Amino acid sequence: MHSKRFIAKPGANRKGLGVTALAFVFAAVFLFPIFIAVVNSLKDKGEILRSALALPARLNLENYELVLTKSGFLKAFFGSCFVTGGGIVLNLAVSSMAGYALARWKSRWSAFLTVFLLSSMFVPFHTIMITLLKTAKALGLTGKLWGLILIYCGLQCPIPIFLVKGFVSTVPHEMEEAARIDGCGTARMFRSIVLPLLRPILATVAVLNTLWIWNDFLLPYLILGKPSTIPLSQMYFYGQFNQQWHLIMAGFVISTIPVVVFFLVMQKYIVQGISSGAVKG
Amino acid sequence: MKSRTREETLTYLVFLVPAIAAFTLFFVIPFIQSVYLSFTDAYGYNQTQNWIGFANYREALTNPNVLRSLRITLQYTAFVAVLANVVALALALLLDDSARCKKTLRAIFFLPNLMSMIIVAFVFVFLYGGVYRSFLTQWNIPERLAVSWLGNEKIALYSMGIAATWQCAGYYMLIYIAGLQSISPDLVEAAQIDGASSLGVILKIKLPLLSPVIVMNIILLITSGLKTFDFPMAMTSGGPAGATTTIALLIYNTGFRSNRTGYATAQSVILFLIVCAVTTALYVLQSRKEKADAQ
Amino acid sequence: MKRSIAVLMTVLLLLSFATACSAQTPAVQTPTEAPVEQATEAPAASAEKEPVTLHLFHQKQEAQETFAQIIEKFETEYPYITVEQEIVTNEPAAVLKARLATDEIPDIFQGALDTMDIAKGGYLLDLSGEAFLSNINDAALSSSSFTDADGHTWAMPIDGSCICVFYNKDIFAQYGLAVPTTLSEFDNVLATLKSNNVTAFALGFKDAWTMKPASLALASPAVYGKYPTWDAEKTAGATSFAATPEWTVVFEQLKKIYENGNTKTAFDTDYNGACAMLAQGEAAMMANGLWALEPIRSINPDINLGIMALPVSENPADAKLHQFPDFGLSISKTSKHIEECKLFLEFLTRPEIAELWSNSAKLFSAVKGVSVNFDPVAADVNAYIDAGMVCTQADRGWPTAFHAEYEASLPAYLLGHADIAATMAALDTAWDTAANAAK
């Protein structure tokens, strides 16, 4: 694969340039709104209200200073890291097993369970909010970070399971069959053959889950009861009649940096794909 | 042979247990308890409620606002499901092919996903408002040709859909990229040796092989579209004149602003049933096609 | 395989890092634990009394600093009491519902528009008869958002706001305009502005909530100024929107405001945009609440601003200003520290504390004898108050579920989806449904 990539065909080069240019035009369109957000995080409130587009009059980092000191940001940051990290590990473990089982299990129950899990995505969170909280309280999960992680596992597993299931069904059976003939049990085969193949989709799931958990507001608030994750500390600046957009923007920039870093780290695994695997042998 | 199948089934069941247990505990049970409320006159902070049968359902299904919200939600979902899928697929194919700086580009396209909905909404309100108007003045475009992106009842829903597409396209692009990577390069190469153009490769090889992923993405987009809440809440608060009041926003308003808990739950059960029907239909179609392909 | 281990390792590392750090700085403190620790560490001043922590829940984000100051003074006077404030600005109603449903009820909280519904659920302590309530203005206290028809006081009002028309005094002076007090004077003002190509009203209807204050500035003097018991009569079936011509005046005048503003861009402009229009002299007037003062001043601190009421008839005596008690606090019936909660409310009614509150909140005080001058426009409002030209009642007595329907009817009418007759009929039905649901 690698060697092939380096043997460029004549003409492919020029075509590559065209495609790249097109992609960069798209990229500019995608970046523009982010540019607006960053620019506005450097203004004071009056400046934003006067014009959202103009560049800031001076390099003003006071918003950032205020956000970092006022909203208990560091504490919230570590709270967020813990919940997100725990949430991802648990979710990946649970949903990769379930997704694999649903894809390979030839049974009516498999299809039924998939639809059953998926259907939960159509229930607005607010509908089950109060009853979920009562359940969580009865189980003694309120006020505990690990309680929140468990709840995330239950609420957010359907999409990862669905993604893993979809991915597994595109992967050919041959290797698994071969391993079986070699006398490999399902559990061991899952660990040593299937999991490595699932790497790109698991990395994708990890990134998506990170975003959901990192940006979620209401559930952590209700379960933990205190602003101990980042969106909660950001929401501090948000009110119906008094939106301090300059601070919201600064808070947004600060709180997004960790996810961006995480994404950049993970993206290596997302793209690597199965290139080193044995499938195309 | 039989014992192997039984061993397999048993392992699959064991694999499923943690997910199903957590799901049951934190979704199924609370949901069933909520559904009970839809048959009562549960109201705001009242601690007791009376059984009133299907009255809430009757009211919801005859209330023009509920029906209108359902229609609006369907329009929005169809728009976003098509647009976001096309954009995401285009981006994925673009990056799968011969473009350079793939990593940087992929990161850029995914960036909007890292932003919280409220911020995205705010930025687009700026774009559709102040930024667009300064653009008009700069190019001397007459007022009568100006478009009222969020103020026009016919356009606002689609303006919102564009913002949503901007935010979510990178997400579906990643899923497509994962799908594209599972396509064996040998197949592509074989086609190229046979003289197929890159468009030919995309149409004849990549798209057909991606079809399960396409269906998966459509299902995901439909599910997220049908319960769209944050964008109308933050961008238009459902306006102008209710033109962007999606069913999820209506349910929220009924339950938490009007305090009519039972009625709001009935509305969400109706939404749930509709979407279940749609997904099951899509899912069955997809499985049938898979079976047909396999034969 | 190696790489997948690397992925896992990254995640695990991140996790252990997070755990290690959160161990140093405990990320979660259950509301009761932390303050008790603080209190026990505090000097022996609290030796006689058991330390008590009060949980204060509100949604007034801009008042955080002021509350912090007041709490500090309070804790100096009562060293054994600690007050923890929790501010929820994002979906406060949903959070409060969840708290009440799971029995995590704050000791003192702001029920806002839901106060009466919460009281009906049996969660609130009846404050009527408490000595400190005699410090509160009678008009504010008896308002239907604090005291119900049976005389139970479910919340204590702290400040007052008003819904009004902000106007640019310089623009009015430039065209020789005076504050209109009758409908025909109002029409003249609009005509003069129009002939001089001045946008009369700044409209920010993209934020749909801004339509309601504009309509209440009319409805309060027009309907409630004349019929103080209109709500009760409507619920009893003795009157209706259709049978009250004043409601028709409200909607007609609202349409006049809409047609004499930035009509084309009204639904494109948000609340902040409308404030900017007024602040930058692009429009002569804006109908909204006193809270709009802050954004207007932050854009143009020097604007020569005035506040006026809207005329609703040919009688100048009807042009009253809608002034109403706004922020209020309730005590949970199940609080373990009811006495201490009352001490805190009592503390808020002391004149020097009330003055501190009003000056920083830029609102009027509900406490007797406290008058404030936080901004030049306060003089205009005080003139209305002194002349007895205020009307305190508008939407606060409506059935909760009616608000959303009313808000929906405004743009539907303005954009021509429904005429007056259809709008009145729709409002009548919506009221009956809402009142019935709340029974």
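These are my notes from looking through a predicted model.

**Ground rules.** Local features here need pLDDT of at least 70 and side-chain atom pairs count only at pLDDT 80 or more, while totals for chains, interfaces and linings use all residues. Residues are numbered from 1 along each chain as its sequence is written, and chains are lettered from A and ligands numbered from 1 in the order in which they are written.

**Chain C, overview.** Of its 439 residues, 51% are buried. Buried means 20 or more other C-beta atoms within 10 Å of a residue's own, exposed means 12 or fewer, partly exposed is in between, and C-beta atoms are placed from the backbone.

**Helix 16 of chain C.** Which residues of helix 16 (377-386) are buried? I found Val377(C), Ala378(C), Asp380(C), Val381(C) and Tyr384(C). The buried residues pack against helix 13 and strands 5, 8, 9 and 12 of chain C. After the helix comes Gly388(C), with a positive phi near 70 degrees.

**The core.** Next I looked up the largest nonpolar core, which has 313 residues. Such a core is a set of buried Ala, Val, Leu, Ile, Met, Phe, Trp, Tyr and Cys residues joined through C-beta atoms within 7 Å. Tyr176(B) and Phe166(C) have the most contacts inside this core. Helix 6 (residues 156-181) of chain B supplies its largest share, 17 residues. Phe166(C) touches, among others, Leu278(C), Met285(C) and Ile307(C); contact means C-beta atoms, placed from the backbone, within 7 Å.

**Chains A and B.** How many residues does each chain bring to the contact? Chain A brings 79 and chain B 83. On the chain A side, helix 2 (residues 12-41) gives the most, with 15 residues.

**Trp245(A).** I ended on Trp245(A), which is in helix 15 (residues 245-272) of chain A. Why does Trp245(A) count as buried? Because 23 other C-beta atoms lie within 10 Å. Trp245(A) touches Asn40(A), Ile48(A) and Phe122(B), leaving out residues up to four places away in sequence. Its C-alpha atom is 7.9 Å from that of Ser41(A), 204 residues apart along the chain.

Notes. Two residues are in contact if their C-beta atoms, placed from the backbone, lie within 7 Å. Helices (H or I, at least four residues) and strands (E, at least two) are DSSP runs, numbered from the N terminus.
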